[in-house]
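I opened this structure to look up a few things and wrote down what I found. The entries follow in the order I made them.

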Amino acid sequence: MSFSSSAKEDLVKIRLKSNPIRLAQLAGLVHTCGALTIGRGRGAAFSTESLAVGKLIVSLSASLYALEPTIELSERERRRPLTLVTLLGDDAERLLLDTGLLLHENGEFSIGETVPKRLLPDDECRRAFLRGAFLGSGSCTNPYRGYHLEIIARSEAFAEQLLTVLSAFGPEAKTMLRREKPVVYLKGDEVSAFLALIGANASVLKFESARSERDFRNYVNRTTNCETANIEKTVLASTDQVNAIEIIEEHMGLNRLPAPLYEAALLRLNHPEATLQELADLAEIGKSGMNHRLSRLVRIAKEIRHG
């Protein structure tokens, strides 16, 4: 099961305390995965990849309106089957009008793009609305691969409504266009904040656990890479120094060097894998002093090579 599916399985189990909260959540679902149907009167049709979400739509609708719901699965080749929900009956048109998908003004009907503000009077209803929107067309990447959550909107107006409602709680979302459809998305810490906001507590724990593990892995990799780079740097420096000392020995002899340089040369020859600090400790001098002596040896070798 994907991380998104697991999150939605958690969300559909949340008990809603009142009809206004149920209606706000249903409105979020209507505007993301619902549509108007015209057959035996006006009705609503929903399409979702989650059977649990389909059952939730039926349950919410039946608790608020007198409807004739049907639910069925539509098989798709090499993909998860779609859950199709149809709502007909005496109250189907009222459901569409209440949630704002259908507008009736001046004796004419039209399609609405946003949820009526009267359905979002308080924080609980606004959370339910965001939860319904995520259940309807939201998705979240596996936190082991990245931190990205998005909700596909059907119109710029609905995307703006999502941004406005969400910003009042704190998380900062952004929008982008994909296949000419606006997408509201969050990244990084905002993903965890959104999941907590809509009540996906089990998913928040999974998200934070995965993020901690991923961040620790990245830290270990960075540390290992840094240590590897330092080792390579030490080996290259040691090789240059040993080569320089061998040139000095061949052309003039180490015993002609000043005592401090002679000691440094012998230490490097006897300890080719030692770090600069380790050589300094053996000579009982500072690290900068040992670095100065070895650099002098390399310069002497260069002077010998260039006559």
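**Entry: the hairpin.** I looked up strand 5 and strand 6, which form a hairpin with two residues between them. In the turn, Asn106 has a positive phi of about 55°. Strand 5 covers residues 102-105 and strand 6 covers residues 108-111; they run antiparallel and are joined by four bridges. Glu105 has Glu108 of strand 6 as its bridge partner. I note the terms: strands (E, at least two residues) and helices (H or I, at least four) are DSSP runs numbered from the N terminus, and two strands pair if DSSP finds at least two bridges between them.

**Entry: ground rules.** This is a predicted model, in which local features need pLDDT of at least 70, side-chain atom pairs count only at pLDDT 80 or more, and totals for chains, interfaces and linings use all residues. Residues are numbered from 1 along each chain as its sequence is written, and side-chain values use heavy atoms, with hydrogens and water left out.

**Entry: the whole protein.** I counted eleven helices and ten strands in the protein. The C-alpha atoms fill a box of roughly 110 × 40 × 35 Å along the principal axes. The radius of gyration is 34 Å, whereas a compact globule of 307 residues would have one near 19 Å. That radius is taken over C-alpha atoms, and the globule rule is 2.2 Å times the number of residues to the power 0.38.

**Entry: the largest pocket.** How much space lies in the largest pocket? I read about 700 Å³. Of the 27 residues lining this pocket, Glu49, Gly136, Ser137, Gly138 and Ile152 are the closest to its centre. The elements that each supply at least two lining residues include helix 1 (3-11), helix 2 (19-33), strand 2 (41-48) and helix 5 (123-137). By class the lining has six nonpolar, eleven polar and ten charged residues. Here Ala, Val, Leu, Ile, Met, Phe, Trp, Tyr, Cys and Pro count as nonpolar, Asp, Glu, Lys and Arg as charged, and the others, Gly among them, as polar.

The search uses a 1 Å grid over the protein atoms alone: a pocket is an open set of points with protein on both sides within 12 Å along at least five of seven lines, a cavity is a set where a 1.4 Å probe fits but cannot get out, and lining residues have an atom within 4 Å of a point. Points are joined across faces, edges and corners, and a volume is the space filled by probe spheres set on them.

**Entry: the second largest pocket.** Its volume is about 300 Å³. Of its 14 lining residues, Thr234, Ala237, Gln241, Leu276 and Asn291 are the closest to the centre. Helix 8 (201-251) and helix 11 (287-305) each supply at least two lining residues, and helix 8 gives the largest share, six. The lining divides into four nonpolar, seven polar and three charged residues.

Entry: Beyond four places in sequence, Ser238 touches Arg268 and Pro272. Ala202 also lies in helix 8, and it counts as partly exposed because its relative accessibility is 35%. Ala202 and Leu11 are 191 residues apart in sequence, yet 9.5 Å apart in space, C-alpha to C-alpha.

In helix 11 I looked up Arg293, which is buried at a relative accessible area of 18%. Leaving aside neighbours within four places in sequence, Arg293 is in contact with Pro260, Leu261, Glu263, Ala264 and Ile285.

**Entry: the cavity.** My search of the whole structure found one cavity of 30 Å³ or more. The largest cavity holds about 40 Å³ of space. Its lining includes Leu130, Glu150, Tyr185 and Phe194. Strand 8, helix 6 (156-167) and strand 10 each give two or more residues to that lining. By class the lining has nine nonpolar, no polar and one charged residues.

**Entry: helix 7.** Which residues of helix 7 (residues 189-197) are buried? They are Val191, Ser192, Phe194, Leu195 and Leu197. Phe194 is also in the lining of the largest cavity. Just after helix 7, Gly199 takes a positive phi of about 95°.

Note on methods:
Buried means under 20% relative accessible area, exposed over 50%, partly exposed in between (1.4 Å probe, protein chains only). Contact means heavy atoms within 4.5 Å.
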